[in-house]
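The following note sets out points for discussion on the model shown below. Please read them alongside the sequence and the structure.

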Amino acid sequence: MKVILLADVKKVGKKDQIIEVSDGYAQNFLIARKLAVPVSATSKAVLQKQKDDEAARQAQLREEAKAVAEQLKSITLEFTVQSGKDGKMFGNISLKQVSDQLANNYHLSIDKRKFLDKGPLDILGFHHLKIELYKGVIGEVNVHIKSKGE
């Protein structure tokens, strides 16, 4: 019997997959537990509509990520820190601080785990941080770290 899986089933298949299983397994386990529905013209149409809706949603998310990437190009975040006489920083600037400043000043909610450049910033000057906003969409934000004496 052919069924469309409504959820991932271990050792059987992934969600939205059309698979062939025995009649008893389909009726007594998959369909009874609402893990699958029998394949019919209606169920195929519903599955196709769900896939089309998901593709449209993913396209919209990609466009939003591209818009945020364009907005990030014009942003330069300023951080003022204490430093020694030789220009060595006391402490560092974390990616969470960068993310928080983007959220507070520019209303851009970007998770610190999306930054491709790992680790804190501990050198004075300009830094260009890359952020993966969506699969294949990379944004870049400029960070300027200066000493309190400058």
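What share of the contacts in the protein with a separation of 6 or more is accounted for by residues 24 or more positions apart? Such residues account for 50% of these contacts, a contact being heavy atoms within 4.5 Å.

1. Basis. This is a predicted model, in which local features need pLDDT of at least 70 and side-chain atom pairs count only at pLDDT 80 or more, while totals for chains, interfaces and linings use all residues. Residues are numbered from 1 along each chain as its sequence is written, and side-chain values use heavy atoms, with hydrogens and water left out.

2. Overall form. The C-alpha trace of the protein spans about 80 × 30 × 20 Å along its principal axes. The radius of gyration is 25 Å, whereas a compact globule of 150 residues would have one near 15 Å; the value is taken over C-alpha atoms, and the globule rule is 2.2 Å times the number of residues to the power 0.38. Buried residues (under 20% relative accessible area, 1.4 Å probe, protein chains only) make up 30% of the 150 residues.

3. Elements. The protein has 3 helices and 6 strands, in the order β-β-α-β-α-β-α-β-β from the N terminus. These are DSSP runs, helices (H or I) of at least four residues and strands (E) of at least two, numbered from the N terminus.

4. Sheet. An open sheet of 3 strands has the order E4-E6-E5, with mixed pairing; strands pair if DSSP finds at least two bridges between them. E4 and E5 are at the edges with a single partner strand each, so one side of each has no neighbour in the sheet.

5. Strands E5 (residues 125-134) and E6 (residues 137-147) pair in the antiparallel sense over 9 bridges. In E6, Glu-140 is the bridge partner of Lys-130, and His-144 is that of Phe-126. The hairpin has 2 residues between its strands, and Gly-136 takes a positive phi near 85°.

6. Helix H3. This helix (residues 95-106) comprises 12 residues. Leu-95, Val-98, Ser-99, Gln-101 and Leu-102 are its buried residues. They lie on the same side of H3 because they cover an arc of only 160° around the axis, judged by the directions from the helix axis to the C-beta atoms. Their cover includes helix H2 (41-73), strand E4 (76-81), E5 and E6. Just after H3, His-107 takes a positive phi of about 55°.

Terms used:
Expected span 1.5 Å × (residues − 1). Buried < 20%, exposed > 50% of the residue type's maximum accessible area, 1.4 Å probe, protein only.
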